[in-house]
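Student: Could we go through this model together? I would like to know what lies behind each term we use.

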Amino acid sequence: MAGLSLTIAGFHRTFGPELHHYLDVARVADEVGIDQVVLADHVVMSANTDKYPYGEFAFAPDEPWAEPLTLLTAIAAVTTRVRLGTGILIAPLRTPASLAKTVATLDTLSGGRVDLGVGTGWQREEYDVAAIPWEERWSRLDDGLRACRALWESSPASFQSPSVSFTDIWCQPGTVQPRLPIWLGAKATAKNCARVADWGDGWMPLEAKTGSDELSDGIAALRAAFAEAGRSPDELLVRAGMPFVRGDDGFDFAATREAALRLADAGVTHFSVNLRRSIASAADARSFLEQLVEGLLPLAP
């Protein structure tokens, strides 16, 4: 059965600058049966938004980006069941020990509800501000997440890599989940498939269009990488955009659900909806989410 994921980034345009609106919407999502809420990440922003690799960037440089793990901690306190995701967290901008500690603390506070979606981002200036070489972003991602796994999975922990190493270190509290899911947002290249099979669990196809050959080919490549790494391909998690079909009076939920079920058969496990693009005001949030759940769930034959 596929899950329904809700991206709640960029709400200042609809709701205003107060961050409590994120909590209000997350609470509604929790109540109506949404499976996952997801926040995006930028630590800083430069004027070079034309470097965005997925088309025209939708935000001006001076628009706000709340730190996602901090905001998810507040969301955890007002929800009980919805899973708490990032999509993506620019993991190389955080030191591995601090990232491991923060994520484990959130997982503990939420009762084991964290889905850590990571990537390297696209703005070199974010790395410059953090004094991290842009050219090392992928190796830092690998080293950092392997280090997090080591800190979460054993105590005392030891780990060796070019950018981070430690011996006999405790990092407590640990995660509640025996294996906290890590999702990679990137193209399904051979290197990235190997990464997910190594330290990850899921794929967020940021560029692949829903229902495209790129999406199905990526799923096939990742499943093969899992098998080569000795893992079951059925463990792979995939979050793709909901394939909305519009009718004369708005969304055609029956047709949308049928399209989603076909993608679920192909390996998609979670379908993402961007709420900011789907509502005109805060008052619309509950009714829209209730329509989503009633019209689309359960996403199973």
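Predicted model: local features only at pLDDT ≥ 70, side-chain atom pairs only at ≥ 80, totals over all residues.

Student: What kind of peptide bond joins Gln172 and Pro173?

Tutor: A cis one, with omega at about 5°. Ser155 and Pro156 are also joined by a cis peptide bond, with omega about -5°. Pro156 sits in the loop between helix 6 and strand 6 (157-159).

Student: What makes the phi of Ala131 worth noting?

Tutor: Phi is positive there, about 60°, although Ala131 is not a glycine. Ala131 belongs to the loop between helix 5 (124-129) and helix 6.

Student: Why does Ala131 count as exposed?

Tutor: Set the value against the cut-offs: buried means under 20% relative accessible area, exposed over 50%, and partly exposed in between (1.4 Å probe, protein chains only). Ala131 has 67% relative accessibility, so it counts as exposed.

Student: And why is Asp168 called partly exposed?

Tutor: Its relative accessible area is 46%, so Asp168 falls in the partly exposed class. Asp168 is in strand 7, and its phi is near 50°, a positive value in a residue other than glycine.

Student: What makes the reach of helix 6 close to the expected one?

Tutor: The expected span is 1.5 Å times one less than the number of residues. Helix 6 (137-153), with 17 residues, reaches 24 Å from its first C-alpha to its last, against an expected 24 Å.

Student: Which residues of helix 4 are buried?

Tutor: Pro96, Leu99, Ala100, Val103, Ala104, Leu106 and Asp107.

Student: How do you know that they line one face of helix 4?

Tutor: Looking down the axis, the buried residues fall within an arc of 160°, so they line one face of helix 4. The arc is taken over the directions from the helix axis to the C-beta atoms. As background, an α-helix has 3.6 residues a turn, so residues three or four places apart point the same way. Their cover includes helix 3 (68-78), strand 5 (114-119) and helix 6, where contact means heavy atoms within 4.5 Å.

Student: Why are helix 2 and helix 3 called oblique to each other?

Tutor: Angles under 35 degrees are roughly parallel, over 145 roughly antiparallel, 65 to 115 roughly perpendicular, and the rest oblique. The axes of helix 2 (20-32) and helix 3 cross at roughly 45° and come within 9 Å, and the pair is therefore oblique. Axes here are lines fitted to C-alpha atoms, for helices over the stretch in contact, with angles from 0 to 180 degrees between N-to-C directions.

Student: Which residues meet there?

Tutor: Tyr22, Leu23, Ala26 and Arg27 in helix 2 meet Leu71, Ala74, Ile75 and Val78 in helix 3.

Definitions and conventions
Residues numbered from 1 in each chain as written. Heavy atoms only, no water. Helix = DSSP H or I, 4+ residues; strand = E, 2+ residues; numbered from the N terminus.
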